[in-house]
Amino acid sequence: NCTHHNDRFSNFDEVCTETLDGLAEFLEDLPDFIPDLSDEFDVEFSGEVLTLTIKSGCVYVINRQTPNKQIWLSSPISGPKRYDFVDGDWIYSHDNSSLLHLLETELSDIFQFEFEINSVRHLLLKFPA
């Protein structure tokens, strides 16, 4: 049956949009909390691709991969990863790590400022596991 409907994918667009919108909003607010950011600090979001430039050579790219039902991350620290939405979180299947946890850890190290991306976690709670 070519019209088989998989519930796992039925809300991909919505959960992905909520995630990327929430991350963009969170990242755009960083200058309010972190003093002395580089003049090169920039957040760009097209709806499909979210780019965080911290400084020259330190760029994160997070993008929607609709055909694969994934979010792909390119990190200047940990490299490329592909995340699936599993049990209310974006999970990298090779090590079961969370996209949000990885971003919290790496960005906290870069900025020397501890923070959590709870605003996005809260958005994801409304999606069934």
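The model is predicted: local features need pLDDT of at least 70, side-chain atom pairs count only at pLDDT 80 or more, and totals for chains, interfaces and linings use all residues. Residues are numbered from 1 along each chain as its sequence is written, and side-chain values use heavy atoms, with hydrogens and water left out.

### Exercise 1. The chain as a whole

Step 1: along the principal axes, the C-alpha atoms fill a box of roughly 55 × 30 × 25 Å.

### Exercise 2. The largest nonpolar core

Identify the residues of this core that touch the most other members, and the element that gives the largest share.

*Solution.* Step 1: a nonpolar core is a set of buried Ala, Val, Leu, Ile, Met, Phe, Trp, Tyr and Cys residues joined through side-chain atoms within 4.5 Å. Buried means under 20% relative accessible area, with a 1.4 Å probe and protein chains only.
Step 1: among the 35 residues of the core, Leu23, Trp90, Leu103 and Leu107 touch the most other members.
Step 2: elements giving two or more residues include helix H2 (12-28), strand S3 (58-65) and helix H4 (99-111). The largest share, 8 residues, comes from H2.
Step 3: leaving aside residues up to four places away in sequence, Leu23 touches Leu50, Ile62, Leu99, Leu100, Leu103, Ile117 and Val120, where contact means heavy atoms within 4.5 Å.

### Exercise 3. The surroundings of Glu104

Decide whether Glu104 is buried or exposed, and find which residues Glu104 touches.

*Solution.* Step 1: Glu104 is located in helix H4.
Step 1: Glu104 counts as buried because its relative accessibility is 8%.
Step 2: beyond four places in sequence, Glu104 touches Phe115, Glu116, Ile117 and Arg121.
Step 3: Glu104 and Ile117 are 13 residues apart in sequence, with C-alpha atoms 6.8 Å apart. A polar atom of the Glu104 side chain lies 2.7 Å from the backbone nitrogen of Ile117.
Step 4: the side chains of Glu104 and Arg121 are joined by a polar contact of 2.6 Å. A polar contact is a pair of N or O atoms within 3.5 Å; within protein, one must be able to donate a hydrogen and the other to accept it, and residues adjacent in sequence count only if both atoms are side-chain atoms.

Note on methods. Buried means under 20% relative accessible area, exposed over 50%, partly exposed in between (1.4 Å probe, protein chains only). Helices (H or I, at least four residues) and strands (E, at least two) are DSSP runs, numbered from the N terminus.
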